[in-house]
Structure formats: structure tokens, C-alpha cells
Amino acid sequence: MKFRTLISISAMLSRQSDHSFPTKPTKETALAGYVKKETVKIRLIVLIVLIATICGLAIQTAARRPQFAGEYSIINLEVPGGNIVRIDGINNLGQLAGSHYHYDTSLLFAFIWENGSMTDLFPSLGYSWGRSINDSSQVGGSLRHVSGMPDIPYIWSNGETRELFTPDGEPGEVADLNNLGQAVGYTRLDGAQIACLWDGEDLIDLGTLGGAGGHALAINNHGQVVGFMRDAAGNGIPFLWENGAARAIGAIGEGWGCAFDINNNGQVVGRDAYGTAFLWENDVIIELEPFSGCESPSPTSINDSGVI
């Protein structure tokens, strides 16, 4: 290393001896040097701006990316004498709504579960479904007072039950309810099943897409509703209802399709007749690719972070 350094210094001194006094630069060379310096400055500024932009985008992307907990625990919901437990709803308080079925008696009981304890909502009835639960601990579903009678849509809250109106006592069911207490589901009108919304004491028919039949499956806190409605050909078409009108939002394939859920950002998930799952947002449909162990995914829910 020292030998190479001495050679380099010697060579540098010999070059300086050839030009002991540098000549005075001309106007042209001075201008060229100035332009070169300014060009370097501009390039440096552009590089700094580019790096800052990339870093900003990276920070925004990281902020939008859903954060997942590292570990999960599985809780077994055991029911004494029960054969099947089905969970249909969960709220942000960790409460669950569902139903448990008994093979020996053919009885079905809606329940609410929290903090390791399960409570039947209608222990004296032989048939009741718990379909959804909101952040006010209200549960929606359907019940029967007598076996063989039509299903009655209901909202349960703190031990009180409100049975919802249906035309001429037709059957109905609450599939979902939001934090405002608005409920959606189905009932029958003039002999045909309709997608509907219960808002307070009012029953609202959400309309059709040209055919007879429909079912509302989800509602967000802005009152937007999704589900399926039949078109003139009898196909079930995914729909979005907002501002008093329903419209088709399409699917990946042709024919039957259904929208299962909508979050508070207006993102919708569903699937078509060929088992293709999709995400819909602002009139753009994205196909959700199958993953290992699940060749035909069925996206039934999406939260406000976009986790499906």
C-alpha cells in the first residue's frame, strides 16, 4: 500500500511540474464550467425530489396496508347436547351471533356469545336464527312461534324483541343490520320474494333488475345495500342499492352472481356461478385468485381495512 501511494504522489508531482502555473480561463471555458455546475445542481435537486416522492409513496402504502396480529387462538364453542354450531355474525366488541342445532330434537336456537358465555335469545322457541350483530349488540335474524309457520324477521336488543313488519304476514328474515339499526333481508310481496330494507317501522322494497326475486345480504353504516336480484332471464345479478335505486354491479363471469358484503368504504365482495370470487370498487371488478387449499373461494365478508 505504501509503495503504490508513493508512485501515485510522484506521478501527480510530475504532472504538476509540466503546468506549474495554470493559464487564465477564457469566457467560453468559464461559461461551460458554470453550465456544468448548474446542470449538476439541477440533477441533484431532481434526484432528491424523486427519492422523497418514492419514500412518501412507500409510507402511504405501509399506512394503508392492513396490519395482522402475529398469533391467533381458536376457541371451541361447545353447546351441551348440541350437534352443530353456526356463527353468522361478529361485531367490533368481539360478540358473536349464531345458532346451534340439535339433531335429536330438531330444535334450532339463536344465541349471542361473549366472554366465553353463550346465551340463547329465545330458549322457549324451537326455531330461531341469529344472522347478524351490530356494535350496539343488536341481533337480527328470523324466528318461528309455532313449527311449520312462516319465518318472522326480528331485531333483538337487551332482552327485548321487535318483530318486523311483512306484507300480509309473509315470511321474512334479517340477513344483516348496521350500527344505525337498519336491517336488510328478504320478504315476499305479491307472490314474489323481494330484497328489502327495514328502516325503523318502514319496510322498503329495494326494487328489481327486470325479473322477480331478490335478497339483500349486507348493509353498511352509510345505508348502502348489496345482495342479488334476478334479471329478465332469471339470472341472479349482484346489485348495489344506494340513494333509493338499485343497479347491477356485474361479476367476472356471465349468468348467476351474488354480492355478499360491503364495507363502509363501499368495497363489495362476491362470486359468480363459476365459483370466481371478486372484489368490486368504484365500478372496477378485480378477480380474487384461488389460494393454496382453496380452489373456489367464497368471500363472505370484507372489513373497513379491506381484509377479505
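How many bridges join strand β10 to strand β11, and which way do the two strands run? To find out in this predicted model, select residues 183-189 for β10 and residues 192-199 for β11. Seven bridges join them, and the strands run antiparallel.

Now pick G185 and look across to β11, where its bridge partner is C196. C196 counts as buried because its relative accessibility is 0%, and buried means under 20%.

**On to β12**

Click on L197 and you will find I204 of β12 standing opposite. The hairpin of β11 and β12 also has two residues between its strands, and here G200 takes a positive phi near 65°.

**The four-stranded sheet**

Move along to the open sheet with the order β13-β14-β15-β16, where the pairing is antiparallel. Select 214-219 for β13 and 245-248 for β16: these stand at the edges with a single partner strand each, so one side of each has no neighbour in the sheet. From one strand to the next, the twist averages 30°. Then show β15, residues 236-242, which four bridges join to β16. Within this pair, W241 stands opposite A246 of β16.

**A last stop: cysteine**

Finish at C258, which counts as buried because its relative accessibility is 3%, under the 20% cut-off. As for disulfides, the count is zero.

Terms used: Residues numbered from 1 in each chain as written. Predicted model: local features only at pLDDT ≥ 70, side-chain atom pairs only at ≥ 80, totals over all residues. Heavy atoms only, no water. Disulfide = S-S within 2.5 Å. Buried < 20%, exposed > 50% of the residue type's maximum accessible area, 1.4 Å probe, protein only. Pairing = 2+ DSSP bridges. Axes fitted to C-alpha atoms, helices over the stretch in contact; angles between N-to-C directions.
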